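I opened the notebook to look up a few side-chain and packing features. My entries follow in the order I took them.

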Amino acid sequence: MTQLIQSSPRTSGGKRSGLKESLRLIVELTRFELLVNLTKSRFGWAWWFIDPLVMVGVLGIFKGIVLGRARYQPYFLFLGCSLLCWKFFSTSLARSSLLLRARESLIKAFPFPTWVLPCSLVLEQLMFFTTGMLTLTAIAVVMGQPLGLGVLQMLPLMLLCALLTLGAILLCSTLGVFAPDLSQYINHLMRIGWFLSPGMYGSDLVAQRFGDDSWPYRLFLLNPFALLFEGFRKVLYEPQWISPAEWLTLGCLSGGVLILGAGVYRHYNRRLVKHF
């Protein structure tokens, strides 16, 4: 890691490297982290899939008891659309609070744009996420799902999910410098966020409970993961086109989180070293 940072090209005059060099550094850091993940564990990338498979089994039993076996079948595909998306976000966010503190020596020793670290983390987890969604798509095809051109909607959905995740990481990595125990609170917030999102159930249950035009249901749909989960299900589980209103809402929410996270990170960027 140190050699990657130290050997990264810089512009003349000792200034930070330009955008092109920063992007190259992001790619190299991502490749380094992927290689580390492959070598430090015997199962390598398989662990990224083992955890969702275990959760599918556990939540499948819970769903069978509470909602009945007939609902949301095939449940493996229904749950997989939300679980892989959530794992991408939650895994990235769980590592974000200590991201900058873990690289304290590098940040103090070498003049490089520190924003490449959050970007590298997102890109690393996006590689796992992409592999998982491609695998789930292949399973959907084998199961006979009538996938058409609508499957292309997966690409902008994954992009919006990545932008949302990057914004949250920029925010939490900054706050993590000032609050080293932030990761403990993030874990609790992740549990609450999962149950408040239609991960193991559909948004139709919320609509049935409160009504399609009720303010609780409208508020529920402002949760970006309600739109992301249902969006991936409209691609793979019950193939249909996502409405323009849903795209617009999801784009605004993802963009808003990214702007907030980037603004906070940029504001405190030059002051972070003093708080290590």
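This is a predicted model: local features need pLDDT of at least 70, side-chain atom pairs count only at pLDDT 80 or more; totals for chains, interfaces and linings use all residues.

**Entry: aromatic pairs**

I then checked how the rings of Y72 and F78 sit against each other. A ring pair is described by the distance of the centres and the angle of the planes. For Y72 and F78 I noted 4.2 Å between centres and 10° between planes, so the pair is stacked. Stacked calls for planes under 30 degrees apart.

Next I looked at Y75 and F78. They also form a stacked aromatic pair, with 5.9 Å centre to centre and 20° between the planes. Y75 is buried, and F78 is too. I located both in helix 4, which runs over residues 75-96. They lie three residues apart there, about one turn of the helix.

I wrote down the total for the structure: 13 aromatic pairs. I also traced a cluster. Ring pairs link W86, F89, W194, F225 and F229.

**Entry: charges over rings**

Which residue lies over the face of F78? I found R233 there, 3.7 Å from the ring centre. A further case is R209. Its charged end sits over the ring of F210, at 5.0 Å from the centre.

I checked the bond from Q73 to P74. This peptide bond is cis, with omega near 0°. I placed P74 in the loop between helix 3 (46-66) and helix 4.

**Entry: cavities**

How many cavities of 30 Å³ or more does the structure hold? I counted two.

I took the largest cavity to begin with. Its volume is about 90 Å³. Ten residues line it, and E33, L99, R103, L117 and S120 are the closest to its centre. I asked which helices contribute. Helix 2 (19-40) and helix 7 (116-142) each supply at least two lining residues. Helix 7 has the largest share, with four residues. By class, I noted five nonpolar, one polar and four charged residues in this lining.

Then I turned to the second largest cavity. Its volume is about 60 Å³. I listed its lining as L157, L227, E230, G231, K234, I242, E246, W247 and L250. Helix 12 (224-236) and helix 13 (244-268) each supply at least two of the lining residues. Which helix gives the most to this lining? It is helix 12, with four residues. By class, the lining of the second largest cavity has five nonpolar, one polar and three charged residues.

**Entry: cysteines**

I searched the whole structure for disulfides and found zero. Is C172 buried or exposed? C172 has 13% relative accessibility, so I logged it as buried. The cut-off for buried is under 20%. C252 has 51% relative accessibility, so I logged it as exposed. The cut-off for exposed is over 50%.

I come back to F78. R233 lies over its face. I also keep the cis bond from Q73 to P74 on the page.

Conventions: Residues are numbered from 1 along each chain as its sequence is written. Side-chain values use heavy atoms; hydrogens and water are left out. Rings of Phe, Tyr and Trp (its six-membered ring) pair if their centres lie within 6.5 Å; planes under 30 degrees apart count as stacked, over 60 as edge-to-face and the rest as tilted. Buried means under 20% relative accessible area, exposed over 50%, partly exposed in between (1.4 Å probe, protein chains only). A charge sits over a ring if NZ of Lys or CZ of Arg is within 6 Å of the ring centre and within 35 degrees of the ring normal. On a 1 Å grid over the protein atoms alone, a cavity is a set of points where a 1.4 Å probe fits but cannot get out, and a pocket is an open set with protein on both sides within 12 Å along at least five of seven lines; lining residues have an atom within 4 Å of a point. Grid points are joined across faces, edges and corners, and a volume is the space filled by probe spheres set on the points. Ala, Val, Leu, Ile, Met, Phe, Trp, Tyr, Cys and Pro count as nonpolar, Asp, Glu, Lys and Arg as charged, and the others, Gly among them, as polar. A disulfide is a pair of cysteine sulfur atoms within 2.5 Å.
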